[in-house]
Amino acid sequence: MSEKTGTFVVTHAEAESAVVRDVETAQVHTLASNPGLEVHDVLEATVAPDPPLEVTWQVIEVDGRRSIELVDSDLEPTRHETEIAAEAAVGDVVREERAGTGEIHVLRVPEDEIESAAQDVIDDEETIARAARLEAVRVEVRRSADDGVVSVRYLPD
């Protein structure tokens, strides 16, 4: 194997090791050491396999590092997000670009499944990977049981 340069999200971190996931390919790399990484950190980096077995990896260069804050908000979706959901069928996800950087994802969900849908978004590793691809630093998950809406806001700094 050879070194690999890309964007990685930290999915697991301990004092002696960490696990990073390539946000484009979803390939997982177990690092033999932890150079101060925390879960939800995003690295623009180059990693290389450790010889001789090449089963663990090491970070050999970091071009950028940021953290992504995942917020389970107590705010309800905005009026605009509720209007978007009103035009969607239950089960649909509508994606809309924000002015500048980021996106808003609006999910139409049966009212009795709002909490579980919101929790699924929060627990899904892909939520952070998507934020990394969108260059977001904050993800807000909002919900309204009355309207059957879950919104996921991928926000820039």
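A salt bridge here is a side-chain nitrogen of Lys or Arg within 4 Å of a carboxyl oxygen of Asp or Glu. By this rule the count comes to 12 salt bridges.

A word on the ground rules: this is a predicted model, where local features need pLDDT of at least 70, side-chain atom pairs count only at pLDDT 80 or more, and totals for chains, interfaces and linings use all residues. Residues are numbered from 1 along each chain as its sequence is written, and side-chain values use heavy atoms, with hydrogens and water left out.

Here are some of the bridges:

| Salt bridge | N to O distance |
|---|---|
| D41 and R65 | 2.7 Å |
| E140 and R138 | 3.1 Å |
| R142 and E140 | 3.1 Å |

D41 lies in strand β4 (residues 41–49) and R65 in strand β5 (residues 57–67), so their pair ties together parts that are 24 residues apart in sequence. Strands are DSSP runs (E, at least two residues), numbered from the N terminus. D41 is buried at 2% relative accessible area, while R65 is partly exposed at 45%. Buried stands for under 20%, exposed for over 50%, and partly exposed for in between (1.4 Å probe, protein chains only).

A network of salt bridges links E69, E81, R138, E140, R142 and R153.

Finally, A145 sits in the loop between β9 (138–144) and β10 (149–155) and is partly exposed at 41%. Beyond its neighbours within four places in sequence, A145 is in contact (heavy atoms within 4.5 Å) with E111 and I114. A145 and I114 are 31 residues apart in sequence, yet 5.8 Å apart in space, C-alpha to C-alpha.

Key. Helix = DSSP H or I, 4+ residues; strand = E, 2+ residues; numbered from the N terminus.
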